[in-house]
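User: I have a structure here that is new to me. Can you take me through it?

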Amino acid sequence: MNKASSLRLILGDQLSFDLASLQAVDIECDTVLMVEVMEEASHVPHHPQKITLIFSAMRHFAEALQQRGVKVQYVKLDDPENTGSVPRELERWRALLRPDEIHITECGDWRLEQSIKDCGLAIKWHSDSRFLCSRAEFFTWANGKKQLRMEFFYREMRRKSRLLLNGDGSPVGGAWNFDAENRKALPKGVRPPSPARFTPDAITRDVLALVAKNFASHYGTLDTFDYPVTHAEAQALWDYFLDWGLAAFGDYQDAMACNEPFLFHARISAALNIGLLDLRQLCSDVESAYLSGSIALNAAEGFIRQLIGWREYVRGVYWLKMPDYADGNAFGNSRSLPEFYWTGDTQMNCMRQAINQSLEHAYAHHIQRLMVTGNFALLAGIAPSQICEWYLAIYMDAFDWVELPNTLGMVMHADGGYLGSKPYCASGQYIKRMSDYCRGCAYKVSESTTGDACPFNSLYWHFLMRHGDRLRGNQRMAMIYKNLDHMDESKQQALWRRGELLLAKLDEGQSF
Ligand code: SF4
């Protein structure tokens, strides 16, 4: 009896040998299909380094599969037969190979998954087992809850994974969360390690040339590309972090410093999100580092929470709420994204630092994204769809399932508080406390209403005043509104006027 043949589509963020749709692959009669398509590379203007990372890692992965004896049909971007979209390539190869079955692991992007489903092909879909929590499991957990809370979900994941648990199921250290210990600014004299860098090999150099030729209009430089593109390189990056970054990561994960784009951050999120690293192994390594006494509990717990708590939680929310989630705009924002987000051309030093390093490395850490560029977009009332597109385009690790909830929900509070219980709005004082940015700024963080006052200050109070109807009833905002109510009316008016002036400048396309 002839064995059934199958076509197994592997996407650019599915580069894991233990991917569900690669299990039980029969090297005699099955074919893996991998395609570089213009639609995925350009539906938003992705940073050229991000396109390079994905295409290069795909090519290396295809080569590794072939070395294991797997048949791979690999379609390069400039292949004259390339139809330019995943569903069309799938249809083309189905017609050419006539497989008995098509296998695909669920996508990381609702739009792409829907477009494949719209083909009408009979497909065996596989759950993405690289995540700790399946879509179905998350839906069950969320069922009947009016508002979700990451902290409770995270505890479930700790119990499920048995990470940092005592024998009786209680959390090691007597608490589930040590976040309060992870908010230190960087003291003078503390130097982060030099970043681990990976020199492009021949495959990557080919891809760099391809990307330079085809995506010249996309924002961001290619010259500094140094990301890991294979499993071995990603492992080397992770090992480097375990040796040199992890011990201080907990304390300084929220800190920011001029001309220090990486500090103690692992910079592994892109490698993890495309499948070059394994979530469970990373968590196990971090737990082992704690148990061996080489790192403190707050560093271990903080790292593990990011992975099995927040990362899994936002993925669950994404699949639970799409496609309507993408249209959220609770504050009714309509302001266009300022041009300086794409150029870094602003006098605000914090914004310039965060944007310029994003253009240079396709990277900024979570607090730069949340409390600098994101905070500004929230305070300035930028249309959520525009800031979401910017984050998706500019960051190496941004895929829709992780970018959209983080930006639309966490940064912009545009889902009306479904994901987070309050908006993460802050004045310049927060940025001053957590960085040295203000010392090198054209604006004075100590001022709010003068011509040289920090724009974050008046925009913060303007945001609170203009959205009082919606936010005053929020218990977690009560203290902030108490402070506003205790302010002189003349001060309130001056803040409002300065905020109006700055917003008018943005509307006129001016930078400041
Ligand atoms: Fe940013 Fe304001 Fe500080 Fe300047 S003064 S760096 S704009 S927070």
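Analyst: One term to begin with: a polar contact is a pair of N or O atoms within 3.5 Å; within protein, one must be able to donate a hydrogen and the other to accept it, and residues adjacent in sequence count only if both atoms are side-chain atoms. By that rule, 7 residue pairs are in polar contact across the interface of domain 1 and domain 2, both residues being at pLDDT 80 or more.

User: What kind of model is this, and how are residues numbered?

Analyst: This is a predicted model, in which local features need pLDDT of at least 70, side-chain atom pairs count only at pLDDT 80 or more, and totals for chains, interfaces and linings use all residues. Residues are numbered from 1 along each chain as its sequence is written, and side-chain values use heavy atoms, with hydrogens and water left out.

User: Which domains does the assignment give?

Analyst: The protein chain is assigned domain 1 (6-126), domain 2 (135-193 + 245-321) and domain 3 (340-507). Such bounds come from an automatic or database domain assignment.

User: Back to domain 1 and domain 2. How many residues are in contact?

Analyst: On the domain 1 side 15 residues are in contact with 10 residues of domain 2, where contact means heavy atoms within 4.5 Å. The centres of the two domains, taken over C-alpha atoms, are 30 Å apart.

User: How much area do domain 1 and domain 2 bury between them?

Analyst: About 870 Å², with 52% of it on carbon and sulfur atoms. Buried area is the accessible area (1.4 Å probe) that two parts lose on being put together, summed over both. In domain 1, Leu53, Glu106 and Trp110 lose the most area to domain 2, and together they make up 39% of what that side buries.

User: How many salt bridges are there between domain 1 and domain 2?

Analyst: The count is 3. A salt bridge is a side-chain nitrogen of Lys or Arg within 4 Å of a carboxyl oxygen of Asp or Glu. The side chains of Glu106 and Arg315 form a salt bridge, at 2.9 Å from N to O.

User: New topic. Is Ser21 buried or exposed?

Analyst: Ser21 is buried, at a relative accessible area of 0%. Buried means under 20% relative accessible area, exposed over 50%, and partly exposed in between (1.4 Å probe, protein chains only). Ser21 sits in the loop between strand S1 (6-9) and strand S2 (30-35).

User: What does the side chain of Ser21 make a polar contact with?

Analyst: With the side chain of Thr105, at 2.7 Å. Leaving out residues up to four places away in sequence, Ser21 touches several residues, including Arg8, His103 and His126.

User: And which residues other than glycine have a positive phi?

Analyst: Among them are Arg98, with phi near 50°, and Leu263, with phi near 45°. Arg98 is in the loop between helix H3 (86-97) and strand S4 (101-105), and is exposed at 66% relative accessible area. Leu263 is in the loop between helix H9 (246-252) and helix H10 (269-274), and is buried at 5%.

User: Last one: where is there a cis peptide bond?

Analyst: A cis peptide bond joins Met322 and Pro323, with omega about 5°. Pro323 lies in the loop between helix H12 (297-321) and helix H13 (340-343).

How values were computed. Helices (H or I, at least four residues) and strands (E, at least two) are DSSP runs, numbered from the N terminus.
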